[in-house]
Amino acid sequence: MGETVRGNRLGSTAWLFLLCLAASGCMVTSSKYEIKTREADTLRDALASANKEKTVLEARTEALQTQLGAEKEEAASLSARVRTQEEEVRRINDELASARKNYEGTRITREQFISELLEKEKATGKRIQEVSARAQTCEQSLDALKKESAARESELAEFRKKAEKPVEEDALRRERDILLGRVERLSEERKQEEKRREDRFAALKEAIGKISAEIKVTPLGPALSIELPGKILFAKGNAGLSGGGKKVLAEVGKAASEFSTASILISTGGKKSAEEIRAALAGSAKISVDRILSKTIEKEKGAELLLLVP
């Protein structure tokens with residue numbers, strides 16, 4: 001009986017093991033099925049996109065072929081016109097040759113021959129002039145047609161190139177659009193920078209006007225001219241810069257420090273005054289000294305500052 005129980009246990013264990021193997025196999029099969037399904041969906045989407053792009057390219061190719069056929073028909077028509085003109089010129093030349101033979105083969109009396117010859121000479125001369133004019137016109141028309149035909153052939157060659165290389169045209173078009181966008185963006189940035197400069201110049205003019213109404217501030221496009229009288233810029237007794245002068249210089253230096261390309265030009269009557277003004281500008285607003293230039297003008301009592309913001 002113990003052996004029977006042991007056998008039953010072994011049988012139950014074997015069945016359980018087989019069930020586990022079957023379940024794991026089902027799980028693996030289900031996972032592979034999902035992977036294959038996703039791959040099929042991806043391939044289906046890629047195929048639809050490729051078919052759509054193929055349809056667009058076929059439509060463009062058909063349009064170019066239609067245009068190419070029209071140009072070929074027009075070229076054939078021009079060639080037919082050229083052949084017609086050449087045949088007319090040949091016919092006129094044949095008529096001239098036949099008339100010459102007729103004139104040479106006629107035998108009549110001398111007086112009749114001379115009179116008839118004179119008349120025919122006049123008529124022939126007139127006819128020759130007409131024929132020459134027509135021949136010249138035909139030649140001109142022929143040259144024009146040849147030029148037009150060459151132009152058409154050139155256009156056909158360009159159309160063929162375009163039909164063969166549509167991808168390069170798209171690349172050039174995209175590059176052109178990118179460059180146009182850059183130009184537009186740079187123009188907009190330039191306008192914004194000019195607007196910011198004008199607003200700052202207006203604010204600086206207003207601030208200087210509050211310090212003293214005798215200071216003349218003049219906008220000059222990308223520059224601002226500030227004329228400081230000596231009695232406002234310097235303290236009495238040549239004791240250095242006055243309080244009002246320091247305030248003006250501080251405002252100018254502060255405005256210049258807000259623009260990376262700004263510079264200041266100082267015109268004053270003495271080297272010492274120029275150094276004092278440069279030191280005040282560099283110290284109050286922390287502007288670099290190499291962006292402050294100065295020149296000395298004799299008998300200049302005050303100073304003129306030129307704030308440049310290119």
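This is a predicted model: local features need pLDDT of at least 70, side-chain atom pairs count only at pLDDT 80 or more; totals for chains, interfaces and linings use all residues.
Figure 1. Of the contacts with a separation of 6 or more, 71% join residues 24 or more positions apart. The chain has 310 residues, of which 20% are buried.

**Figure 2. Confidence of the model and the start of the chain.** The mean pLDDT of the chain is 77, and 82% of the residues reach at least 70. Residues 1–7 stay under 50 in pLDDT, and the model gives this stretch 0 contacts beyond four places in sequence.

**Figure 3. The largest nonpolar core.** This core holds 31 residues, and the members that touch the most others are Ile226, Leu249, Val252, Ile277, Leu281 and Leu307. At least two core residues come from each of helix 3 (166–211), strand 2 (223–228), helix 4 (230–233), helix 5 (243–257), strand 3 (263–268), helix 6 (271–285) and strand 5 (303–308). Helix 5 provides the largest share, with 5 residues.

Figure 4. Arg200 lies in helix 3. Is Arg200 buried or exposed? Its relative accessibility is 14%, and a residue counts as buried under 20%, so Arg200 is classed as buried. Setting aside residues up to four places away in sequence, the contacts of Arg200 are Glu251, Lys254, Ala255, Glu258 and Phe259. Of these partners, Glu251, Lys254 and Ala255 fall within the range of helix 5 (243–257).

**Figure 5. Surroundings of Ala282.** Ala282 belongs to helix 6. Which residues does Ala282 contact, leaving aside neighbours within four places in sequence? The partners are Ile287, Val289 and Ile292.

Figure 6. The structure contains 2 cavities of 30 Å³ or more. The second largest cavity, shown here, has a volume of about 30 Å³. Its lining consists of Arg190, Glu193, Glu194, Arg197, Val309 and Pro310. How many of the lining residues are nonpolar, polar and charged? The lining has 4 charged residues, 2 nonpolar residues and no polar ones.

Conventions
Residues are numbered from 1 along each chain as its sequence is written. Side-chain values use heavy atoms; hydrogens and water are left out. On a 1 Å grid over the protein atoms alone, a cavity is a set of points where a 1.4 Å probe fits but cannot get out, and a pocket is an open set with protein on both sides within 12 Å along at least five of seven lines; lining residues have an atom within 4 Å of a point. Grid points are joined across faces, edges and corners, and a volume is the space filled by probe spheres set on the points. Ala, Val, Leu, Ile, Met, Phe, Trp, Tyr, Cys and Pro count as nonpolar, Asp, Glu, Lys and Arg as charged, and the others, Gly among them, as polar. A nonpolar core is a set of buried Ala, Val, Leu, Ile, Met, Phe, Trp, Tyr and Cys residues joined through side-chain atoms within 4.5 Å. Buried means under 20% relative accessible area, exposed over 50%, partly exposed in between (1.4 Å probe, protein chains only). Helices (H or I, at least four residues) and strands (E, at least two) are DSSP runs, numbered from the N terminus. Contact means heavy atoms within 4.5 Å. pLDDT is the predictor's confidence in each residue, from 0 to 100.
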